[in-house]
Amino acid sequence: MKIFRRETHNDANHNGACFHEESANMLKGFTVPLTPQGKSALVSPPPWHYSSDCLAIEYWADPAAVAALLPPGVTPDENSRGRAFLWFLDWQFTGSNDEITDPARYQYREAFVLVEALFERTPINYCPYIFVDNDAAIARGWAQGFPKKLGSVYQTRTFSAPSAAAAALAKGSRFGASVAAHGERLATARVQLEEKVADPAKVFNRPTVMRRYFPQLAAARQTKPPVDELTMSLTDDLAIVDVWAGSAELTIPEVRGEDMHALAPSRVGRGYRLGMAYSVTDLRILKNYVA
């Protein structure tokens, strides 16, 4: 691709204007805005490294509501009977430019729903809803296929100094979390720790699948998105540590302008508190709906 710079001249031979070709690759950035130095880009190129404290609430929603959200090629898991998880995460991020020392830009909190389903008979988790409080996290999520929206997310934190407010990782400790958007509370969760989980893989063992979708604004092509893909999240060096399980509470109320209440719990299972870390360098495209 080439761009042209228009320059005016005073001599008559150029009729007051001429054009010079410039290479568009002089502008840098993994995402917009593209600039000569690339420092303003909302997202830096991979690798992306993440570490988080998490709460996850197991619950069961209406199987018909789960099925209605699944994209083509993804089918309900009849054995799951509407099983889902609502996750709350307190993230710290870094890339390759010492982002860990800039927490104002790169710390963020997130909440999302995962519903159990099948892709070509393989058990997966599908992500229909996700909220986050950071613009760079939204852009990274859209690049992967996560349908991120701006929200306000909070969860109880653990601290090393002993205190009634420290929320120790110990039997009897209680944790809470919530997600809100546009001034409306979308979900509230509580977990009381009861026991450590010896093998997290028995609980968290499905890959996460998303729909990566970008529309066009041109009037003739508004129903023909240039990007419409089923993707799978790839996590390098995944570590899940300090997993505790316990009793849980979860409410997802009906809120005007949102649809997540269709996945409100009919039954709540166990709650989990854990630490998680991984890196992202790649993405797997399972299905291209445009092709």
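Which residues form a nonpolar patch on the surface, and about how much accessible area do they have together?

A: In this predicted model, the nonpolar patch on the surface is formed by Leu 27, Val 32 and Leu 34. Together these residues have about 270 Å² of accessible area. Leu 34 belongs to the loop that runs between strand 2 (18-23) and strand 3 (48-60). Its relative accessibility is 43%, so Leu 34 counts as partly exposed, because that class covers values between the 20% limit for buried and the 50% limit for exposed.

The backbone of this loop deserves attention as well. The peptide bond that leads from Val 32, a member of the patch, to Pro 33 is cis, with omega near -5 degrees. Pro 33 itself lies in the loop between strand 2 and strand 3. Another cis peptide bond joins Pro 46 to Pro 47, here with omega near 15 degrees. Pro 47, too, is found in the loop between strand 2 and strand 3.

The surroundings of this loop may now be set out. The chain contains three helices and 16 strands. Its C-alpha trace spans about 85 × 45 × 35 Å along the principal axes. Of its 291 residues, 44% count as buried.

Aromatic residues form a further theme. The count of aromatic pairs comes to eleven. One of them is the stacked pair of Trp 87 and Phe 112, whose rings are 6.1 Å apart centre to centre, with 20 degrees between the planes. This pair links distant parts of the chain, since Trp 87 is in strand 5 (residues 83-94) and Phe 112 is in strand 6 (residues 107-119), 25 residues apart. Trp 87 has a relative accessible area of 7% and is therefore buried. Phe 112, at 11% relative accessibility, also counts as buried.

A cluster of aromatic residues is formed by Tyr 50, Trp 91, Phe 93, Tyr 106, Tyr 108 and Tyr 278. Phe 93, one of its members, has the charged end of Arg 140 over its ring, 3.8 Å from the ring centre. A further arginine, Arg 267, lies over the face of Trp 60, at 3.8 Å from the ring centre.

The cysteines can be described briefly. The count of disulfides comes to zero. Cys 54 is in no disulfide, and the nearest cysteine sulfur, that of Cys 127, is 14 Å away. A disulfide requires two cysteine sulfur atoms within 2.5 Å. Cys 54 has a relative accessible area of 0% and so is buried. Cys 127 likewise takes part in no disulfide, and at 1% relative accessibility it counts as buried.

Finally, the backbone has positive phi values at residues other than glycine. Ala 167 is not a glycine, yet has a positive phi of about 50 degrees. It is found in the loop between strand 9 (152-155) and strand 10 (174-181), and its relative accessibility of 10% means that Ala 167 counts as buried. Asp 237 has phi near 55 degrees, also a positive value in a residue other than glycine. Asp 237 is found in strand 14 (residues 236-251), and with a relative accessible area of 68% Asp 237 is exposed.

Key:
Residues are numbered from 1 along each chain as its sequence is written. This is a predicted model: local features need pLDDT of at least 70, side-chain atom pairs count only at pLDDT 80 or more; totals for chains, interfaces and linings use all residues. Side-chain values use heavy atoms; hydrogens and water are left out. Patches are made of residues with over 30% relative accessible area and no salt bridge: like charges are joined within 9 Å, nonpolar side chains (Val, Leu, Ile, Met, Phe, Trp, Tyr) within 5 Å. Accessible areas come from the Shrake-Rupley method with a 1.4 Å probe; for residues, only the protein chains shown count as cover. A salt bridge is a side-chain nitrogen of Lys or Arg within 4 Å of a carboxyl oxygen of Asp or Glu. Helices (H or I, at least four residues) and strands (E, at least two) are DSSP runs, numbered from the N terminus. Buried means under 20% relative accessible area, exposed over 50%, partly exposed in between (1.4 Å probe, protein chains only). Rings of Phe, Tyr and Trp (its six-membered ring) pair if their centres lie within 6.5 Å; planes under 30 degrees apart count as stacked, over 60 as edge-to-face and the rest as tilted. A charge sits over a ring if NZ of Lys or CZ of Arg is within 6 Å of the ring centre and within 35 degrees of the ring normal.
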